[in-house]
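Work through the exercises below with the model open beside you. Try each task before reading its solution.

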Amino acid sequence: MFRVQLALNVDDLGEAIAFYSKLFDTEPAKVKPGYANFAIAEPPLKLVLFENPGHGGTLNHLGVEVSSADDVHAEIGRLGAHGIFTDEEMNTTCCFAAQDKVWVTAPGGERWEVYTVLADSDTFGAAGGDAEEACCQA
């Protein structure tokens, strides 16, 4: 399974959850303080919401969720073979999940992550904290 991830900044998390629940006819897969994500089956999409007052309606980052750590490592090799610089983060905690991931930056500055979720976490990032101390905030 590969699916595109779209991470958005929102002004009001509750309002955004209500809207996207109706838009995609599904409830969030995870809700934490200042954070929510949806695992949408149709269209295949991981929608991530970061409560970031004053920045609502803006892109936070983009990503591709893959099935396994092996897929992440395969993408690192593939991207490197194409001359794309990768910033690897293995066994890190981000967005209330333990993850293996790699970051790349597009020519326009957009940040993309290729990642897999290894396990759920009670903390937002490696040092704990919340979305204000974001591990993957752009």
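**Ground rules**

This is a predicted model, in which local features need pLDDT of at least 70, side-chain atom pairs count only at pLDDT 80 or more, and totals for chains, interfaces and linings use all residues. Residues are numbered from 1 along each chain as its sequence is written, and side-chain values use heavy atoms, with hydrogens and water left out.

**Exercise 1. The annotated domain**

Task: find the span of the feature "domain: VOC" and describe the chain over residues 2–117.

Solution. 
- Start with the record. UniProt, in an unreviewed entry, places "domain: VOC" at residues 2–117. UniProt positions are given in the numbering used here, feature names are shortened, and annotations may be inferred rather than shown by experiment.
- Next, take the make-up. Over residues 2–117 the chain is 22% helix and 48% strand. Helices (H or I, at least four residues) and strands (E, at least two) are DSSP runs, numbered from the N terminus.
- Last, look at the ends. The end C-alpha atoms of this span are 12 Å apart.

**Exercise 2. The largest pocket**

Task: describe the volume and the lining of the largest pocket.

Solution. 
- On a 1 Å grid over the protein atoms alone, a pocket is an open set of points where a 1.4 Å probe fits, with protein on both sides within 12 Å along at least five of seven lines; lining residues have an atom within 4 Å of a point.
- Give the volume. It is about 170 Å³. Grid points are joined across faces, edges and corners, and the volume is the space filled by probe spheres set on the points.
- Count the lining. There are 18 lining residues, and Y35, N37, K46, C95 and V117 lie nearest the centre.
- Trace the strands. At least two lining residues come from each of β3 (35–40), β4 (45–51), β7 (97–105) and β8 (111–120). β8 gives the largest share, four residues.
- Sort by class. The lining has 10 nonpolar, three polar and five charged residues. Ala, Val, Leu, Ile, Met, Phe, Trp, Tyr, Cys and Pro count as nonpolar, Asp, Glu, Lys and Arg as charged, and the others, Gly among them, as polar.

**Exercise 3. Backbone angles**

Task: locate P43, N91 and C95, and describe the backbone at each.

Solution. 
- Take P43. The peptide bond from E42 to P43 is cis, with omega near -5°. P43 sits in the loop between β3 and β4.
- Take N91. Its phi is near 50°, a positive value in a residue other than glycine. N91 belongs to strand β6 (residues 87–94).
- Take C95. Its phi is also positive, about 55°, although C95 is not a glycine. C95 lies in the loop between β6 and β7.
- Buried means under 20% relative accessible area, exposed over 50%, and partly exposed in between (1.4 Å probe, protein chains only). N91 is exposed at 62%. C95 is buried at 7%.

**Exercise 4. Aromatic rings**

Task: how many aromatic pairs does the whole structure hold, and how are Y35 and F96 arranged?

Solution. 
- State the rule. Rings of Phe, Tyr and Trp (its six-membered ring) pair if their centres lie within 6.5 Å; planes under 30 degrees apart count as stacked, over 60 as edge-to-face and the rest as tilted.
- Count. The search finds seven aromatic pairs.
- Inspect one. Y35 and F96 form a tilted pair, 5.4 Å centre to centre, with 50° between the planes. This pair links distant parts of the chain: Y35 is in strand β3, F96 is in the loop between β6 and β7, and 61 residues separate them.
- Check burial. Y35 is buried at 3%. F96 is buried at 4%.
- Widen the view. Ring pairs link Y35, F50, F96 and F124 into a cluster.

**Exercise 5. A charge over a ring**

Task: which ring lies under the charged end of R111?

Solution. 
- NZ of Lys or CZ of Arg must be within 6 Å of the ring centre and within 35 degrees of the ring normal.
- Apply it. The charged end of R111 sits over the ring of W103, 4.0 Å from its centre.

**Exercise 6. Sequence against space**

Task: how far apart are Y115 and R3 in sequence and in space?

Solution. 
- Compare. Y115 and R3 are 112 residues apart in sequence and 10 Å apart in space, C-alpha to C-alpha.
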